[in-house]
2 protein chains.
Amino acid sequence: MYKAPVDEIAFTLKHVAGMAEALDAGVFGELGEDLVDAILAEAGRFATEEVAPLGEVGDRQGARLVDGAVKTPEGWRDLYHNWVGGGWNGLTAPEAFGGQNLPHMLHVAAMEMWNAGSMAFALGPTLTMGAIEALEKHGSEALKTTYLAKMVSGEWTATMNLTEPHAGSDLGVLKTRAERRDDGSYRIFGQKIFITWGEHDFTDNIVHLVLARLPDAPTGTKGISLFLVPKFLVNADGSLGARNDVFCHSLEHKLGIHGSPTCTMIYGDGKFGDEKGAIGYLVGEENRGLACMFTMMNNARLAVGMQGVAIADAATQKAIAYAKERTQGRAPGWRGEGMSPIIEHPDVARMLLTMKALTQGSRAIAYACAHAVDMAHASKGDQARHWQERSSLLTPIAKSFATDAGVDVASLGVQVHGGMGFIEETGAARYLRDARIAPIYEGTNGIQAIDLVTRKLPLSDGAHVRGFIAELSEIAAAVRATNRKGFGKAAARLDAAITDLSDATEWLLAALDGGRLTDALSGATAYQRLFGLVLTGVYLAKGGTAEAGDGKEDTRIALCRFTAENLLAETGALKDRVVSGAESLAAARAVLV
Amino acid sequence: MYKAPVDEIAFTLKHVAGMAEALDAGVFGELGEDLVDAILAEAGRFATEEVAPLGEVGDRQGARLVDGAVKTPEGWRDLYHNWVGGGWNGLTAPEAFGGQNLPHMLHVAAMEMWNAGSMAFALGPTLTMGAIEALEKHGSEALKTTYLAKMVSGEWTATMNLTEPHAGSDLGVLKTRAERRDDGSYRIFGQKIFITWGEHDFTDNIVHLVLARLPDAPTGTKGISLFLVPKFLVNADGSLGARNDVFCHSLEHKLGIHGSPTCTMIYGDGKFGDEKGAIGYLVGEENRGLACMFTMMNNARLAVGMQGVAIADAATQKAIAYAKERTQGRAPGWRGEGMSPIIEHPDVARMLLTMKALTQGSRAIAYACAHAVDMAHASKGDQARHWQERSSLLTPIAKSFATDAGVDVASLGVQVHGGMGFIEETGAARYLRDARIAPIYEGTNGIQAIDLVTRKLPLSDGAHVRGFIAELSEIAAAVRATNRKGFGKAAARLDAAITDLSDATEWLLAALDGGRLTDALSGATAYQRLFGLVLTGVYLAKGGTAEAGDGKEDTRIALCRFTAENLLAETGALKDRVVSGAESLAAARAVLV
């Protein structure tokens with residue numbers, strides 16, 4: 001069973017991702033290390049003791065649609081109320097609405113642990129938190145007064161309604177329409193698919209944020225508006241009024257995250273209310289809905305990245321535990337009685353260490369991204385811009401690398417379990433099934449790569465990414481400067497990998513400059529992975545050079561060395577794919593005809 | 001829906017894997033190209049029209065245990081009888097028992113197509129064919145007379161009972177016991193798990209081959225005997241007699257291959273018959289059971305490799321079809337109206353081409369392995385030994401590389417489908433779920449790597465593998481000699497990859513020579529993948545240089561180039577892991593404590 005690795009998480013936050021310096025510099029105001037530790041410990045306890053034990057039942061029972069109502073798995077309603085009772089839903093929300101306004105770094109760390117306990121469960125609150133952010137930034141005072149405090153407390157949950165059957169990655173073609181009413185509100189008509197936690201039995205009301213198009217809106221993405229559509233209308237005194245004209249038509253039968261209801265939502269079908277059309281309220285300005293979504297998109301993408309980290313960690317823990325217990329054959333050098341635990345076999349140890357390295361690397365990247373988000377919030381002027389750019393750059397890498405790691409690590413976890421891994425009762429396969437959605441939703445990893453290459457590399461004319469790569473070189477130099485034998489050839493391997501990253505970056509910047517967009521996009525995914533792999537190596541190295549005084553220095557150095565000497569060599573091949581793969585890709589298009 | 005790629009398969013058999021030369025040289029006797037083509041066409045038709053349409057229902061309904069009997073999915077019983085009615089079950093079986101004694105190359109090609117239609121369905125016959133082979137080689141005349149013809153015709157199916165809860169990869173510790181009876185038969189007692197198609201409603205009888213231990217047997221693998229245990233005893237006239245004391249206790253709830261019943265079998269519980277103990281008949285000699293299993297293990301491993309090829313092909317076809325149809329966004333250079341098909345996006349094209357390359361490479365490796373099996377059967381003396389060594393060397397690579405490709409390609413297939421890929425009704429997720437068992441069963445891919453490095457590389461003191469690598473270099477040279485521009489830098493990339501393979505091979509041979517077993521095993525999996533990747537590149541190159549006159553030369557050359565310039569660069573990192581990864585792996589063991 002998953003046990004939240006609170007110490008490892010705290011170490012990564014403080015000594016790798018920059019929290020220690022931020023605390024020292026007073027970036028987080030009054031917040032001190034003691035409180036950070038206490039929050040992490042309690043979030044971890046909740047994940048370990050309350051969420052994780054209900055993960056399996058959620059997978060097995062799934063969410064079910066019965067007479068138009070969604071029945072959640074046994075015990076999940078109570079779990080949700082215990083969780084919001086702990087104040088977790090408002091961790092980063094504004095204090096004015098009952099939130100705790102704590103750093104995003106703490107939030108992602110806590111999210112990691114809850115997702116590791118049950119990704120299907122933690123996914124619901126993730127959506128609510130995103131909606132809180134959008135409403136806080138773009139909603140009118142009236143909307144905030146009516147909805148925000150209850151969303152922060154968790155009394156009501158919220159959803160994001162973007163996707164339609166023909167509009168997924170490309171929202172410009174969505175068809176859901178909104179009609180203006182005389183009182184300033186709107187009526188919404190249309191069908192939305194893949195709506196996570198669109199209907200459930202946790203709370204009395206659900207607040208839907210819905211993208212729709214006004215009759216006179218321009219075509220494409222510049223004609224999309226954002227509306228708040230509650231399941232139940234809210235009376236002036238805050239009590240619940242009539243049922244709004246929106247309902248869950250069906251649930252998807254999915255590969256994983258079975259406990260999370262994925263709904264097709266119908267707006268304005270006339271099923272409820274006297275008049276057709278779900279009543280909605282404009283969030284932000286008309287035709288500026290996509291801008292409102294973009295506000296929160298970076299954080300949502302990072303949140304999905306955390307799911308990758310979470311599943312990777314949970315799968316790794318499970319595989320290590322099994323490999324210590326299961327005996328089979330005799331590993332070379334085994335001196336014990338009878339068969340050796342399979343962890344003694346080099347091939348199994350290699351799989352487990354690879355899982356560990358990818359998990360730690362993904363975690364560090366994601367936390368560093370959250371750190372940049374926090375620093376941007378706390379900074380002004382050039383500093384704010386610097387950190388804003390850093391979080392922008394890191395977001396697609398955190399999302400894609402961590403979610404790919406989630407799948408790869410979970411798949412290795414199945415492999416470590418042998419035949420038992422294929423049996424559902426074992427639980428290893430659930431991680432693979434759950435993990436598989438994360439590289440897809442919230443922008444496929446291919447979309448992330450396009451974003452990284454075409455929008456993030458050009459930030460400050462390439463100066464930001466170049467400056468970042470220079471920082472990475474300094475960390476590699478610090479490894480060399482330690483002269484610790486335990487690092488093996490790590491410094492040299494890091495240098496080589498960083499050079500690959502730098503070369504690929506310059507090639508892409510030149511391609512973009514020269515208008516060679518297809519060339520740049522041809523290697524975008526390889527570049528994104530290259531960047532993530534380099535960051536994995538560098539952040540593990542940074543952890544290895546930290547003196548945390550916890551007696552785990554040698555272990556961290558050994559993992560850094562393993563990573564540098566075994567995984568980083570792949571950067572050469574990835575760079576190669578970026579700088580010389582486009583022509584053969586273009587030539588091979590004929591194969592697909 | 002899957003459509004058997006008969007032309008592509010025929011091309012690979014003939015022009016890449018060596019069938020054309022073998023036919024010309026009369027290796028297969030009277031067999032001519034016309035008959036080969038006719039058999040492939042009909043096997044493909046059956047896969048496309050009869051098996052594939054029933055794949056989904058098998059996944060959805062699964063096999064169910066009702067009152068001790070296994071109910072197979074709707075339509076599967078008829079499908080099975082149509083399939084055996086076509087004579088397919090006895091394709092390679094001896095003519096004396098009603099088989100067709102056709103080459104193994106044809107068999108693997110046909111198996112690929114049926115597995116692509118439904119892996120869960122094709123798995124049953126795979127087990128029967130293995131049992132036919134074991135019985136034919138090691139069974140007494142009496143046993144053959146009673147059982148073999150009915151197994152060849154498919155009137156009865158057969159199973160392999162090896163695994164027990166504590167004996168999976170390490171069969172030496174199995175506990176199922178056999179007691180001698182006065183009449184020369186035995187009574188079997190014990191529990192076997194993970195028994196594929198151990199019980200079903202296809203046929204009136206099921207023939208179990210069971211590994212068990214005699215009371216006075218030596219410990220370990222040298223004390224294991226093989227027994228034939230029929231579900232129903234067979235009377236002297238061939239009619240069915242009493243029910244034997246064996247039954248299916250339960251079915252596993254698995255990640256995939258739901259249509260295939262995975263049974264826990266109980267022997268000698270006293271449920272059936274007057275006296276406790278399932279009646280069994282010795283196959284081969286007492287305590288030599290494992291040798292009997294080894295006879296068929298290579299072919300069984302290759303058969304599992306075919307499952308990887310099959311799923312990879314089916315997943316690739318499905319993804320290409322979807323990517324042509326689904327529109328989203330506008331790819332750079334797209335000049336059509338509105339959104340472009342997603343296949344126009346470079347990242348999607350790259351995924352599809354990678355899928356195509358891994359599928360074709362796996363197929364070629366597996367067919368080349370089958371070719372070696374056929375050549376070994378048809379040869380004598382040094383030639384027989386040469387081909388025996390070749391098939392021995394290729395088997396672990398074919399099994400592991402193709403099954404890893406099955407998983408990787410199916411996972412890419414899910415990704416290409418975006419959100420729809422996560423929805424079970426789409427069918428892309430089923431391929432991933434089904435594929436995931438193949439790297440595990442019939443010896444995990446880690447076990448294959450141990451076999452490759454410790455048993456196959458040392459064949460003929462390393463001369464065999466060195467000779468093989470020299471052959472690969474000749475193919476690379478042939479690419480260069482064509483001077484065709486379409487190959488791009490393929491020749492140079494192939495040379496570099498082959499050099500990596502050669503360097504890693506020499507390092508491993510030296511490590512084995514020096515008794516550094518842990519060092520050798522530390523890089524075994526990386527080496528196995530390196531070998532598979534080099535073979536993928538080389539066999540695609542061989543296909544690219546072939547003049548088949550089918551107008552597809554340019555396409556094959558383009559895929560070869562894409563593979564060489566995009567995928568082969570990974571060989572450097574893999575070699576690196578082999579020759580310098582062991583020390584850091586050993587040092588990092590402390591991370592796992």
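Analyst: A residue counts as buried under 20% relative accessible area, as exposed over 50%, and as partly exposed in between, with a 1.4 Å probe and protein chains only. By that rule S260(B) is buried, because its relative accessible area is 1%. The model is a predicted one, in which local features need pLDDT of at least 70 and side-chain atom pairs count only at pLDDT 80 or more, while totals for chains, interfaces and linings use all residues. Residues are numbered from 1 along each chain as its sequence is written, chains are lettered from A and ligands numbered from 1 in the order in which they are written, and side-chain values use heavy atoms, with hydrogens and water left out.

S260(B) sits in the loop that runs between β10 (246–251) and β11 (262–267) of chain B. Strands here are DSSP runs of E with at least two residues, helices are runs of H or I with at least four, and both are numbered from the N terminus. Apart from residues up to four places away in sequence, S260(B) touches A63(B), A120(B), L123(B), T196(B), W197(B) and K254(B), where contact means heavy atoms within 4.5 Å.

I257(A) is in the loop between β10 (246–251) and β11 of chain A. Its phi is positive, near 35 degrees, although I257(A) is a residue other than glycine. With 3% relative accessibility, I257(A) counts as buried. W197(A), in the loop between β5 (186–196) and β6 (206–212) of chain A, is not a glycine and has a positive phi of about 55 degrees. W197(A) is buried at a relative accessible area of 3%. F272(A) belongs to the loop between β11 (262–267) and β12 (278–283) of chain A, and its 23% relative accessible area makes it partly exposed. Beyond neighbours within four places in sequence, F272(A) contacts R243(A), N244(A), D245(A), V246(A) and F247(A).

On a wider scale, the domain assignment, automatic or from a database, divides chain A into domain 1 (6–153), domain 2 (157–288) and domain 3 (444–583). The C-alpha centres of domain 2 and domain 3 of chain A are 41 Å apart.

Back in chain B, helix packing can be described too. Helix α11 (residues 381–416) and α17(B) cross at roughly 90 degrees, their axes coming within 9 Å. Axes are lines fitted to C-alpha atoms, for helices over the stretch in contact, and angles run from 0 to 180 degrees between N-to-C directions. α11(B) is therefore roughly perpendicular to α17(B), a term for angles of 65 to 115 degrees. The α11(B) side of the contact includes L393(B) and F401(B), and the α17(B) side includes Q528(B) and T536(B). By class, the contact has eight nonpolar, four polar and one charged residues. Ala, Val, Leu, Ile, Met, Phe, Trp, Tyr, Cys and Pro count as nonpolar, Asp, Glu, Lys and Arg as charged, and the others, Gly among them, as polar.

Definitions and conventions
Parallel < 35°, antiparallel > 145°, perpendicular 65-115°, else oblique.
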